[in-house]
Each structure stands twice: as C-alpha cells, then as structure tokens.
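Please read each one beside the coordinates.

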Amino acid sequence: MASSRSSFTTARSPRSSAPRRPASPVNGTAPNNFPLSPVGQPEAQTHSTHQQHAVERVSHQSSGVIPTNPKHTMRTLPAAVRTALATTITAVGLTATLPAQTASTNDLDALREQIRLLDQKLRILERNQELRQETAAADAKKQPKLNVGDGRVEVVSADGANSLRLRGLVQGDARLYLDDANAAQDGFVLRRARLIFEGKFSDIFQYTIQPEFGGTVQILDANINAAFKPGFQVRVGRFKTPIGLEQLQSDPVAFFNERSVVTNLTPNRDVGIQVHGDVLTNRLNYAVGVFNGVLDGGNSPTTNLNNEGDFTVAARLFATPWANDKESKLKGLGFGIAAGTGNYKAGVPLNPYRTDGQQNFFAYRSAVGSTTVADGTATTISPQAYFYSGPLGILAEYVSSSAELTNGANSRKLTNTGFNLSVGYVLTGEESSYKGVTPNTNFSLNKGTWGAFEVVTRVAQVDIDDDAFAGGGTSLAAAGTNATEVTTYGVGLNWYLSKAIRANFDIFSNKFDFQGARPATGALSDNELAFISRIQVSF
C-alpha cells in the first residue's frame with residue numbers, strides 16, 4: 001500500500017522538485033491538509049470532496065468561523081449571492097484539485113478577498129431583511145384590529161384608545177292567553193329589534209346609540225360617558241334613570257320575558273346629566289343626576305315636557321361590601337336605595353300600568369274634558385337588593401311612588417306601592433349573576449351538548465292608592481274599568497343555547513282586585529293566565 005500511494009502521488013506531481021512532507025500518520029492527510037485519494041479509486045470520485053475541503057480551508061483561514069449548516073445557509077441566501085458563492089466555490093474546488101504548488105499565494109489571497117466580500121454582502125442583506133421585518137411589525141401595530149365573536153363585531157385602534165362595537169338584540173315572542181278575557185290577543189310579537197352602536201374615543205370618552213325598530217321606531221339610548229376615573233364618570237344624553245333595580249338590568253339577561261309589574265312605578269329612560277362611579281375599591285356604586293323628568297314607567301322624549309322647566313333629581317347608592325372577597329359566601333350580595341323627586345305641572349302625560357302579559361290593568365282618566373295630569377311634586381323611593389351564589393340568583397325591590405295629580409277641580413296626592421321577588425337557579429351549574437348566565441357549552445347535537453338550563457320563579461304586586469277612585473266623575477281613575485291591586489305569579493324555564501341565543505318559556509298568573517264589582521267585559525273580566533315563549537338573539 002505504501003508503494004502504491006507513493007507512485008500515485010508522484011504521478012500527480014511531475015514538476016515538483018522540493019521535498020514533500022510525509023502524510024500525517026494520525027489523520028492520513030497530505031501536505032497543506034488536502035485529503036488523499038484512496039488507492040485504486042478514480043480521481044473523479046474524489047473531486048467533490050476536494051472542493052468541500054478547499055472551501056472550508058479557505059473560509060476558515062479568512063474568517064475563522066466554521067459554518068454550522070452550509071446546506072441550510074445556501075437555501076436561505078438571496079439568488080444573486082447564491083450564484084456568486086457557487087461560482088467561487090467551484091473555482092476553489094477546481095484549484096483544490098491541482099497540486100498545492102500550482103495554487104500561488106496571490107490566488108489564495110484573491111479567493112479569500114472574494115469570500116470576505118461575499119460574506120460582507122450577505123451580512124448587509126440579512127440586516128436589511130431584519131430591518132424590513134421590524135418595520136413591518138411596527139406598521140402592523142399601528143393598524144386597527146377587527147374582533148369578531150358570538151356575532152359581535154368590534155373595530156379597535158392599534159393603541160386601544162378608540163373603538164366601535166356593533167351589537168344587536170332581536171326578541172320574537174309567541175303569546176298564548178289561557179283565560180277567556182284575553183284569548184283574542186293570542187299571536188306572535190316582535191318584542192324588540194335593536195341595532196346598538198357602542199365604543200370609545202380618546203380612551204376615556206364612551207358612547208352608546210341604541211335605536212329600537214320593534215314596534216314604534218325610536219331612539220332608546222343616545223349618550224356620551226366621560227370615564228375620567230372609575231370613581232368619577234359623567235354621562236350626558238338619554239339613558240336609564242338610576243332608580244329601579246330590575247329596570248336598570250339589561251333586557252337580554254332578565255329572569256323573565258317581561259319585567260315585573262313593580263317596574264310600572266319606576267321611571268325608565270330620561271334625558272339629562274349624571275355623575276356616577278365605583279368607589280371604595282368597587283364596594284360602593286353611586287349615581288346622581290339631573291333630568292327633564294318622567295313619571296311612573298315612562299320614557300321621556302328628547303325634549304322637556306315639563307311646562308315650568310323644573311328638573312327631576314335622581315340618586316342611587318348600591319353597596320357590595322364583600323365583592324372583592326372571593327372566598328366569602330356573601331361576595332354576591334348587594335343592597336342599596338334609590339330615590340328621585342321633581343316638580344311637574346299640567347301637561348305631563350301619565351302612563352298606564354301593564355300586567356306580565358302586557359295588558360293594561362290601570363290607567364288614569366284621559367277623556368276630553370276629564371283628563372288626569374301631574375300637578376305638583378312627584379317622588380319615587382326604592383330600597384333594593386340582590387344575592388348571587390353559584391347557580392342561585394335572587395333579586396328583590398320595593399317601590400313607593402307618590403305624585404300630586406289633578407283632574408279639573410279634583411286634586412289629590414296618590415301613593416302607589418309595589419314589590420318584586422324573583423329567584424333563579426341554573427340547573428346545569430353555571431354561575432348566575434346580575435349580568436346574566438353564560439353557558440359552559442353550546443347546544444350541539446353532534447357533540448351531545450345542550451347549553452345551560454335555568455328555572456325561575458317570581459311573585460310581585462302593585463297596590464293603587466284608593467284615593468285614585470274618589471271624586472265620582474272627576475276621579476283621577478275610573479273604578480269600573482281599573483284594578484286597585486294586582487298580584488302576579490310567574491314560573492319559567494330559560495334555555496341558553498349559547499352565549500348569544502336563548503329560549504324562554506314563561507307562565508304568568510295575574511290576580512286582580514277591584515274597589516267595586518269586576519268589569520263584565522274587557523281584559524280585566526277574568527284573571528290573566530298567559531304563556532309567553534321567546535327566541536332571543538343577543539350579541
């Protein structure tokens with residue numbers, strides 16, 4: 001083998017006159033670290049090996065850096081650099097196949113310089129690519145974000161300071177009256193159809209625009225809220241008056257399809273300005289506002305109907321002392337009191353009172369020449385509370401509404417009272433809250449999931465002041481066509497198919513009391529018994 005290797009090497013170097021250094025006994029390499037071809041193998045089979053070692057030798061000498069993955073590096077290089085580098089590698093490989101004596105020092109220096117320039121160009125290209133990626137990432141952070149979930153669509157600015165959220169509420173009812181007096185009222189009703197625009201700008205200014213398309217087309221809410229701090233916010237526009245606990249609860253999350261009869265005694269929406277917020281680390285919520293003024297169960301128009309221009313003042317304090325104590329059994333307890341008072345003069349309209357089945361059970365006189373109107377001070381007071389613990393929810397309130405009214409020469413101060421006690425229990429174990437129930441699963445036949453189920457029950461009552469029927473033909477209300485008291489009972493089943501879709505099934509029983517004989521005809525000729533089902537989409 002020694003003689004064969006000697007003759008092979010000699011045949012490859014006929015012009016060499018200098019003595020050659022022997023091959024390394026350790027790694028079997030020839031002088032200048034060129035690998036030797038195995039004896040008996042054709043020279044062409046070792047050509048690529050010579051190229052690889054030549055490039056590695058020159059690269060190591062020029063930069064001192066050993067590439068970790070040459071194949072991966074070549075794949076990630078730009079096309080122009082790959083072409084130039086391949087040309088250089090080929091040149092180096094061809095040189096490497098020649099005897100060491102033919103590769104002059106100048107040739108090696110030129111190759112080293114070419115590789116150095118290519119390396120420099122590669123680094124510049126890589127840095128430019130990094131800069132482009134950094135710029136693209138910075139630009140992406142400046143772009144608005146589109147969030148879509150459960151039907152809700154929201155566009156948010158990159159910094160989160162501005163947003164527009166599109167929400168909606170559609171409620172379709174089927175009403176079936178099981179009593180003889182109201183059987184003719186059976187039918188389907190589009191109870192609510194709302195497209196709600198919410199959002200904020202400059203991070204602290206929030207806005208709400210809520211039109212109603214079900215029934216009478218109108219603007220329910222249109223207001224701006226400046227949230228300077230959690231404990232100090234100012235709202236201006238049309239919104240709910242801060243009095244009734246059940247009235248303040250959002251429509252889609254109430255226990256029953258219809259609010260209790262006690263909400264007939266509390267004002268609903270009004271136009272004004274309100275200061276409100278959460279203080280004492282969210283343990284106390286307060287609200288105080290000045291409004292145009294609206295009486296029992298009413299919604300004020302966009303202008304003031306009070307002839308003297310007096311305003312109504314409303315205020316509410318609601319405490320949740322254990323809200324921050326997650327281990328307390330009373331963390332879901334809240335209680336408070338609300339009140340409103342104002343001075344009204346002739347011309348302010350009075351609203352009828354409705355049953356759970358949405359039939360009138362009491363209305364003031366409104367005939368030509370005999371119309372009852374507000375004429376003096378009106379005051380509403382409401383102590384209220386709720387308690388939520390796991391799947392259990394309880395809501396209770398009492399309302400006293402007094403007002404000075406007149407019908408011609410008959411002027412009286414009436415005080416109507418009422419209460420509501422509602423209880424709900426989520427059968428599937430989800431948590432109940434004032435903001436509703438969120439099911440752990442969505443209804444899906446394929447997955448075998450059914451959403452959440454909740455059973456609810458309620459008892460409520462409204463008692464009309466007996467003085468409303470005094471005065472004969474000039475009485476404030478006619479005794480023969482109005483109830484003096486209504487006591488209602490309700491039971492229901494709520495099926496939460498998803499966070500956005502809910503089906504309700506309620507049965508209401510309304511028992512009427514009269515000052516005299518029961519009317520022979522009309523909605524009050526029999527106690528009301530109604531079945532109301534609803535499909536709701538809320539997002």
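1. In this note, a contact means heavy atoms within 4.5 Å. This is a predicted model, in which local features need pLDDT of at least 70 and side-chain atom pairs count only at pLDDT 80 or more, whereas totals for chains, interfaces and linings use all residues. Residues are numbered from 1 along each chain as its sequence is written, and side-chain values use heavy atoms, with hydrogens and water left out.

2. Overall composition. The chain has 6 helices and 22 strands, where helices (H or I, at least four residues) and strands (E, at least two) are DSSP runs numbered from the N terminus. Of the 539 residues in the chain, 40% are buried, and the cut-offs are under 20% relative accessible area for buried, over 50% for exposed and in between for partly exposed (1.4 Å probe, protein chains only). Among contacts with a separation of 6 or more, 63% are between residues 24 or more positions apart.

3. Surroundings of Arg-167. This residue sits in strand S3 (residues 163-177) and is buried, with a relative accessible area of 16%. Once neighbours within four places in sequence are left aside, Arg-167 is in contact with Arg-152, Arg-194, Leu-195, Ile-196, Glu-198 and Phe-539. The C-alpha atoms of Arg-167 and Arg-152 are separated by 5.7 Å, although the two residues are 15 residues apart along the chain. The side chain of Arg-167 also reaches the backbone oxygen of Phe-539, at 3.5 Å.

4. Nonpolar cores. A nonpolar core is taken here as a set of buried Ala, Val, Leu, Ile, Met, Phe, Trp, Tyr and Cys residues joined through side-chain atoms within 4.5 Å. The largest has 27 residues, and Phe-361 and Phe-362 are those with the most contacts inside it. Two or more residues of this core come from each of strand S13 (360-362), strand S16 (373-389), strand S17 (392-407) and strand S19 (452-463), and S17 gives the most, with 3 residues. Beyond its neighbours within four places in sequence, Phe-361 is in contact with residues including Asn-264, Tyr-353, Val-462, Val-486, Phe-512 and Leu-524. Another core, of 11 residues, lies apart from the largest one and has Leu-245, Phe-256, Phe-318 and Tyr-434 among its members.

5. The structure holds 22 salt bridges, each being a side-chain nitrogen of Lys or Arg within 4 Å of a carboxyl oxygen of Asp or Glu. Arg-116 forms one with Glu-113, the closest N and O atoms being 2.6 Å apart; because these residues are 3 residues apart in helix H5 (residues 105-142), they are separated by about one helical turn. Arg-116 is partly exposed at 40% relative accessibility, and Glu-113 is partly exposed at 35%. Glu-130 pairs with Arg-127, with the closest N and O atoms 3.0 Å apart, and these two residues likewise lie in H5, 3 residues apart.

6. Salt bridges involving strands. Arg-165 forms a salt bridge with Glu-154, for which the closest N and O atoms are 3.4 Å apart. Arg-165 lies in strand S3 and Glu-154 in strand S2 (residues 152-156), so the pair ties together parts that are 11 residues apart in sequence. Of the two partners, Arg-165 is partly exposed, with a relative accessible area of 25%, whereas Glu-154 is buried, at 15%. Elsewhere, a network of salt bridges links Asp-173, Arg-175, Arg-191, Glu-258 and Arg-534.

Conventions. Polar contact = N/O pair within 3.5 Å; in protein donor to acceptor, adjacent residues only side chain to side chain.
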